[in-house]
Amino acid sequence: MIVKDDNCGVSFGGGGRGLRGFGSLIRRKQVDSVHNRRHAQLARKLSAVDLVGIGVGATIGAGVYILIGTVAREQAGPALVLSLLFAGIAAGLSAFCYAELACRCPSAGSAYHYTYICIGEGVAWLVGWSLILEYTIGASAVARGITPNLALFFGGENNLPSFLARHTLPALGIVVDPCAAALILLVTLLLCLGIKESSMAQSIVTTVNVCVMLFIILAGGYLGFKSGWVGYELSNGYFPYGMNGIFAGSAIVFFSYIGFDSVSSTAEEVKNPQRDLPIGISTALTICCILYMLVAAVIVGLVPYYELNPDTPISSAFSSYGMEWAVYIITTGAVTALFASLLGSVLPQPRVFMAMARDGLLPPFFSDIHKGTQIPLKSTIVTGVFAATLAFFMDVSQLAGMVSVGTLLAFTTVAVSVLIIRYVPPDEVPIPSSLLTSVGPLLTHSGGDIGEDRAISPVEQLHDKSEALLGHPLIIKEQTKDEQNEKSRRKLAAWTIALLCIGILVITSAASAEWCPRILRFTFCGIGGILLLCSIIILACIKQDDTRHSFGHSGGTC
């Protein structure tokens, strides 16, 4: 259900057409489980184990097989393990935000759905399309990355079958990749079979990938203990690039942890979302962080960091010990990791389309759910065909930076949504705790049901209480005072959250504006830092909203 907030629920008077248009951008979706049951629901078949498989598979891509070499050589050195740890902690904080919102609002749409409820329609529209762009480009890039890895099993790309090999169209100068398109269509077909079947396939592929990583850890650990860990015996120490290098490496490897947001997109298909979603997200991220750190610790210990091959660090490390045959096992892990990441990129797309169609931001065609498989079949086919076409005709590596922009926007809005829920929940105005005892029986007598499973708008709540308290001037006076205090608290919290976002925006913009004079950059960074620090201090001192514990629904969907 779409409801109008205080800002857009009143008449704007003359010349109000533009204001009404602005009001439609900031209106928010109400948390209402009863309303959502009018829509056909997705099948609730996923357990915590399924979510862990989806999360690990979507997170562990081929980056771990390549990225650790580049980061170790150029940024972190042997301290790569610390870079992965710090990046994992940062990703864990984002994962906690996703887990909390997914529990409170277990419905399809992920960050788009949470943004629509907490921030507004305009930002939610941007987040929704950013997610679609991120998943589409990410899926196409991953599919194109599978082809050269798959070719290693055939002895090189020149030995691939002609229907899978890349070809150049002479007239257009475009390199087409039939293998990438075929893989995306295969994943799309797999998703069309049902969520349980696709999660089973994801778990199988992920298991193979994890086994390969365990082989790297165990075999590499054996070689390291046998050789004395020559990679750590360096004259310049464990931190050759200092703390700056460690944090620079953390910024790069952070994107190796992206993928847990795919778990939140399946919230509507989880049997027990309040229990399984936090378990699935946190367990998947923990497994990935541990595996990343162990693999990195082994590889930088086998070979000095400056001798690592930036393109094939793991294979070259094993080859230096005479284990050339390990290349095939490592390549198998890379292919399965890419396939699992591809499945994790295609899976959320139709669910975001479905959520936007439910809210009227896309045609109803995309919200149709197949009665047999109980998945958004039409959206799955459309997004799969589009991603396959993109992978077939375009080298999307140049667009890969747009994936980072979409991820940054989604993570930011999810974090802000958590703050809004904690301090200024959008759907309810709480009754002051000092009046619950005295007002409760009166509200009950007048027909008001506070415990009803629905969100009470501020206008409805004030109207009900004014009728119930008619003839009780002392209670009304006390209530008015508490309501004014609560209104002031909410207004202060809302402005503080806004200033917090502005401070972060100023800092990041000034830090990245290399064209700007240094003095001006430092000035803006200082201003942003002051805003950020003051906002954090104020939020730490402000009392959080009493209704934050009951926001959302403990049983149904949002």
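**Helices, rings and cysteines: a quick tour**

Start at W129, which sits in helix α7. A helix here is a DSSP run of H or I with at least four residues, numbered from the N terminus. One caution before we go on. This is a predicted model, where local features need pLDDT of at least 70 and side-chain atom pairs need 80 or more, while totals for chains, interfaces and linings use all residues. Numbering runs from 1 along each chain as its sequence is written, and side-chain values use heavy atoms, without hydrogens or water.

Back to W129. Is W129 buried or partly exposed? W129 has a relative accessible area of 34%, so it counts as partly exposed (buried is under 20%, exposed is over 50%, partly exposed lies in between; 1.4 Å probe, protein chains only). W129 also belongs to a nonpolar surface patch. Areas are Shrake-Rupley values with a 1.4 Å probe. Helix α7, residues 121–151, gives the patch its largest share, three residues.

Now helix α6. How many of the residues of helix α6 are buried? Eight of the eight, across residues 111–118, so the rest of the structure largely encloses this helix. The buried residues of α6 include A111, Y112, H113 and Y114. I117 and C118 are among them too. After α6 comes G120, with a positive phi near 155 degrees.

Take T115 as a close-up. T115 lies in helix α6. T115 is at 0% relative accessibility, so it counts as buried. What does T115 touch, leaving out residues up to four places away in sequence? The list is G120, V123, A124, V127, T413 and S417 (contact means heavy atoms within 4.5 Å). T115 and V414 are 299 residues apart along the chain, yet their C-alpha atoms are separated by 6.8 Å.

Next, the aromatic rings. The whole structure has 21 aromatic pairs. Rings of Phe, Tyr and Trp (its six-membered ring) pair with centres within 6.5 Å; planes under 30 degrees apart are stacked, over 60 edge-to-face, the rest tilted. Y98 and F260 make an edge-to-face pair, at 5.7 Å centre to centre and 80 degrees between the planes. That pair links distant parts of the chain, 162 residues apart. Y98 is in helix α5, residues 80–104, and F260 is in the loop between α10 (242–253) and α11 (261–264). Y98 is buried, at 1% relative accessibility. F260 is buried as well, with a relative accessible area of 1%.

A second pair is Y257 with Y292: ring centres 5.2 Å apart and planes at 70 degrees, so edge-to-face. Y257 is in the loop between α10 and α11, while Y292 is in helix α12, residues 273–302, and the two are 35 residues apart. Both of these tyrosines, Y257 and Y292, are buried. And there is a cluster: ring pairs link Y98, F254, F255, F260 and F411.

Last, the cysteines. C289 is buried, with a relative accessible area of 13%. C97 is buried too, at 16%.

Notes:
Patch = residues over 30% accessible without salt bridge, like charges linked within 9 Å, V, L, I, M, F, W, Y side chains within 5 Å. Salt bridge = Lys/Arg side-chain N within 4 Å of Asp/Glu carboxyl O.
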